[in-house]
Amino acid sequence: MDIVAGIAVGIIVFAILGKLIALPFRILWKLITNSIVGAIILWGINLFGVGIEITFLKALIVGIFGIPGVIVVCMAHVAGF
């Protein structure tokens, strides 16, 4: 009986550790994919002749904040930043 309880506790601890380790990778993966999508959105805006330089920081801002990030980057470009 003690062996079964020990194995059950070990499986539960292993599952919790697996969840804790997987969470940062999931967040990192979402950040990377959103940044790529942000760069694509900025590239699409540049097709209309806006002339925004696509940098990692701008793609990251658009990736994190989405459409409001696009608006902020466009406003910053118009303001000269």
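Analyst: A residue is called buried when its relative accessible area is under 20%, exposed when over 50%, and partly exposed in between (1.4 Å probe, protein chains only). By that cut-off, 15% of the 81 residues of the chain count as buried. The model is predicted, so local features need pLDDT of at least 70 and side-chain atom pairs count only at pLDDT 80 or more, while totals for chains, interfaces and linings use all residues. Residues are numbered from 1 along each chain as its sequence is written, and side-chain values use heavy atoms, with hydrogens and water left out.

User: Why is leucine 60 called buried?

Analyst: Leucine 60 has a relative accessible area of 19%. Buried means under 20%, and therefore the term applies to leucine 60. This residue belongs to helix α2 and touches Leu31 and Ser35, leaving aside residues up to four places away in sequence; a contact means heavy atoms within 4.5 Å. The C-alpha atoms of leucine 60 and isoleucine 36 are separated by 8.2 Å, although the two residues are 24 apart along the chain.

User: What is the secondary structure of the chain?

Analyst: Helices (H or I, at least four residues) and strands (E, at least two) are DSSP runs, numbered from the N terminus. The chain has three helices and zero strands, giving the pattern α-α-α along the sequence.

User: How do you know that the span of α1 agrees with its number of residues?

Analyst: The expected span of a helix is 1.5 Å times one less than its number of residues. For the 45 residues of α1 this comes to 66 Å, and the end C-alpha atoms are 66 Å apart, so the two agree. Within α1, the residues Ser35, Gly38, Leu42 and Ile45 are buried, and their cover includes α2 (56-65) and α3.

User: How does the radius of gyration of the chain compare with that of a compact globule?

Analyst: The globule rule is 2.2 Å times the number of residues to the power 0.38, with the radius taken over C-alpha atoms. A compact globule of 81 residues would have a value near 12 Å, but the chain has 21 Å. Its C-alpha atoms fill a box of roughly 70 × 20 × 15 Å along the principal axes.

User: What makes up the largest nonpolar core?

Analyst: A nonpolar core is a set of buried Ala, Val, Leu, Ile, Met, Phe, Trp, Tyr and Cys residues joined through side-chain atoms within 4.5 Å. The largest has six residues: Leu42, Ile45, Ile52, Val62, Val70 and Val73. The elements giving two or more residues to this core are α1 (2-46) and α3 (67-79). Among the residues that valine 73 touches are Leu42, Ile52 and Val62.
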